[in-house]
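Here are some notes for a colleague who is new to this structure.

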Amino acid sequence: MTAQSQPENVRLGEDGESVVLLDQTRLPGRVEYRTVRDLKEMVEAIRTLRVRGAPAIGVFAGFCLSALARQMERAGLDTPGLLRELDRKGKILVSSRPTAVNLSWAVERMMDRASGLAGGAPEELAAALEAESRAIRREDEEMCRAIAEHGLSLLKAGDGVLTHCNAGPLATSRYGTALGPILLAGERGIPLRVFADETRPLLQGARLTAWELARAGVEVTLICDNMASMVMKNGWVQACFVGCDRVAANGDAANKIGTFGVALLARHFGIPFYVAAPLSTIDPRTPDGAHIPIEERPDREVTHVGETRIVPEGVPVFNFAFDVTPADCITGIITEKGVLRAPYGPAIAAALKA
């Protein structure tokens, strides 16, 4: 099993009016696809993490707007009305998850394309948006492959890699970001050993990362989140690779809750800590991590395991979905244009202009 043969996570429906997604809430027990057609279903898929991972959410959003535009065109809506409705629905999509910048980036890109065709026929607009959504998907796959190549240059045979949350093919189009170098190493016969944090409370590491790597034939060991210090202390980890949902202009990076703790441990033990992300995940409008909105999710994700309550009634719960790792804890940011190094402000600005 290679990165190229991993299940496709998101695609435009054959009718052009729907989006088909691999329901990640069912993994690893079941590989189940769902078809969404209306805005309510699309928003629900994002909020409930049926589709998740910053790049994958962006790809999904592009397909959603394409499908909605096609529906409206076939229903006979004229171009001005189509544009108004598309703008309204795009804003609702963006509001479904606030931290991952790829979501708003993809919606803005689709709306920019639509606005450029304000004088055209509805069918022309719908066709252009379908082409744009497919381009977003294709470009994401190309970016992930480039990130995999750059990231692999930082590793050598026999290295142990620790990762937190899930940043593989499920979270992107192919290869992934943080898992891309690992999967590429496997394809080339370069042995690596991966330690996957379980990633409480939704267990993306246990359910998704371990599943992807095991299917790809990568040696992976699952660890509880609070075991990371032990495997580092034992000398089993030579690098940490994580993905992210937003990188600020100064290099601060928001990723799944618990990532900052891993970065602090890595710094203590002298282990390089890398953030892997396409340039579309960098938000130059966000000056630093303090300005990144942090999503808070329902208490039930923490208070229950399945249907079983594990927390006494009435005990308050924090359930922040993300934390921010400061730039000074990051060894390098791996992008499709290479590995960015501190000082990140100038490096990011140059990469975005290149």
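1. A cavity is a set of points, on a 1 Å grid over the protein atoms alone, where a 1.4 Å probe fits but cannot get out, and its lining residues have an atom within 4 Å of a point. Grid points are joined across faces, edges and corners, and a volume is the space filled by probe spheres set on the points.

2. This is a predicted model, in which local features need pLDDT of at least 70 and side-chain atom pairs count only at pLDDT 80 or more, while totals for chains, interfaces and linings use all residues. Residues are numbered from 1 along each chain as its sequence is written, and side-chain values use heavy atoms, without hydrogens and water.

3. The whole structure holds three cavities of 30 Å³ or more.

4. Among the residues that line the second largest cavity are Leu49, Arg200, Lys256, Glu301 and Phe320.

5. Turning to the sheet, β1, β2 and β3 form an open, antiparallel arrangement in that order. Strands are DSSP runs (E, at least two residues) numbered from the N terminus, and two of them pair if DSSP finds at least two bridges between them.

6. Three bridges join β1 to β2 (residues 19–22) in the antiparallel sense. Here Leu12 is opposite Val19 of β2.

Definitions and conventions
Helix = DSSP H or I, 4+ residues; strand = E, 2+ residues; numbered from the N terminus. 1 Å grid on protein atoms, 1.4 Å probe; cavity = no way out; pocket = protein on both sides within 12 Å on 5 of 7 lines; lining within 4 Å.
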